[in-house]
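The sequence and the model are shown first, and the account follows.

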Amino acid sequence: MEFSNQPILIWFVVGYGVFMLLLGMYYSKKISSSEDFILAGKSLGPVVLMGTLLATWVGSGSVTGGQNSLAYSFGIWPALMSTLPSLIGIGTIFLISSKIKHYGKYTVAEILEVKYGKVASLLAALIIILAFVGIVSYQYQGLAYILNISIGIPVGTGTIIAAAIIIFLAGIGGLMSVAPTDAFSAFLVIFGLIIALPIALSVGGGWSEITSNVPESHMSATGSLSFIQLMGYYIPTLFLLLGDQNIYQRMSSSMNDKSTKLGTAGWILGLIIVTPLISILAFISRSMFPDIEPGMALIAITSVLPVVIGGILIAALTAFIVTTGNSYLLSAATSVIYDFVGKYMKKDINDHQKLVYTRVLIPILGIIAFLLTMYFPTVLSVQMYAYTVYGAGITPALLAVFLFPKVTKPAGLASMASGLLATLFWEFFYVQSTGINSALISVPIAFIVLFAVTLFTKGQHNEMKEVSE
């Protein structure tokens, strides 16, 4: 089947975009402090928390990268199994969610500073900015694909338009406005995916016809990937999720522990529904449209659905992409203000100034994210880079704060530095020649350094003395 644009779909995107804008402006009026902007005034109930967690995690990373690109490029089973790392990560976070909420910090760097000191805070902020700006960049590409599929705007031009939209919305109301729009979008996309699946199967000619139109390797357990290559996609996802500042901030934004637990449970249920549906629909798209950009697979399906169903789905996918971009852009700006400016450049900064500076910084980081789109050739490649920078540089040391109290200050710092440097070194010098994702090198290095340095320094620091007492 030959792909063709469906200009009518843009009206669903525009209509839903206007709704999001109005909702965001409404909630922005409730902002009176930086806590309102960053943590939604710690007022999120379980339903909104579930929606914002789902929409944040299943953004362009799944819609254009992740399950989508895996299913289209490599096969159905690699995509379906890619849900498992997320479920393992969420289950772990569920167990420590009360500790996360009661730590009472705005950023992951602040948590790390309590355990490892100011140098760890600075290093964490640097890693967060490197990773989150990368994550924002492929949200731009995801929205650009939607503009290309609906009205034929070139992806390059669409990326510029997408950057402007995401930057603007991120600066309006912070998490106070992002969370409610996330929740609405999450339920809309679940509805759209469920309705779209049987229709797409029918249009594709049934499962036997669909499978006959894809390479034979796409039906094997690891698709056209080796086991090592497969782990190269799964490990970054798991370790980003385990330490994701965006997720930790949302946990801290709930109104109480009960809301946190229920919201997390709902997130798990939503993920079990959404990610397999994305995988199957992208696989169907591979059968129907074998020559499109892999990142467009799921979005392209909307062009063969009945207009209303396709419109609802593409509007919800747009919302997922935009709100994920907003969230990570906001989180990166928060790290700069709280972990750099407030501690080293302007120590007397007041709450109002934090709010103003955060809003000023958002477009600056947004432009840097746009420039990053020019370096990485595909959504999946920039996604794996961003996930690994964070997963190796932050997550091992952060998990140790909650799960390994005997970890020492030198061990945490050494783990963070080795994880970051190993990722950057492998990413820029070896990943293309070896085909091995940097996560398979840098994450083990970060953990080995964490435990080894703890072993050699455990008798020399106050942390150990406090534990022994």
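## Contact of α12 with α19

In this predicted model, helix α12 meets α19 through F239, L240, L242 and G243 on the α12 side and T395, L398 and L399 on the α19 side. By class, five residues of this contact are nonpolar, two are polar and none is charged.

Helix α12 spans residues 227–243 and α19 spans residues 395–403; their axes come within 9 Å and cross at roughly 45°. The two helices are therefore oblique to each other. The crossing of α12 and α19 is left-handed.

## Contact of α19 with α22

Helix α19 also packs with α22 (residues 439–457), the two axes coming within 9 Å and crossing at roughly 45°. The pair α19 and α22 is therefore oblique as well. On α19 the contact is made by P396, A397 and A400, and on α22 by A446, F447 and L450. The residues of this contact comprise six nonpolar, no polar and no charged.

## Contact of α8 with α16

Helix α8 (residues 108–116) and α16 have axes that come within 9 Å and cross at roughly 60°. From α8, the residues A109, E110 and E113 take part, and from α16, Y338, D339 and K343. Here the class division is two nonpolar, no polar and four charged residues.

## The second largest pocket

Which helices supply at least two residues each to the lining of the second largest pocket? They are α1 (9–28), α9 (118–151), α10 (155–203) and α16 (307–345).

Helix α1 provides the largest share of the lining, with eight residues. By class, the lining consists of 16 nonpolar and two polar residues, with no charged ones.

## The largest cavity

The structure contains four cavities of 30 Å³ or more. The largest cavity holds about 140 Å³ of space. Its lining comprises 15 residues, and G66, Q67, T237, Q383 and Y387 lie nearest its centre.

Helices α4 (60–63), α5 (66–73), α12 and α18 (379–393) each supply at least two residues of this lining. The most, four residues, come from α18. The lining residues divide into seven nonpolar and eight polar, with no charged residue.

Notes:
Residues numbered from 1 in each chain as written. Predicted model: local features only at pLDDT ≥ 70, side-chain atom pairs only at ≥ 80, totals over all residues. Heavy atoms only, no water. Axes fitted to C-alpha atoms, helices over the stretch in contact; angles between N-to-C directions. Parallel < 35°, antiparallel > 145°, perpendicular 65-115°, else oblique. Left-handed = near helix turned anticlockwise from the far one by under 90°. Contact = heavy atoms within 4.5 Å. Nonpolar A, V, L, I, M, F, W, Y, C, P; charged D, E, K, R; others polar. 1 Å grid on protein atoms, 1.4 Å probe; cavity = no way out; pocket = protein on both sides within 12 Å on 5 of 7 lines; lining within 4 Å. Points joined across faces, edges and corners; volume = space filled by probe spheres on them.
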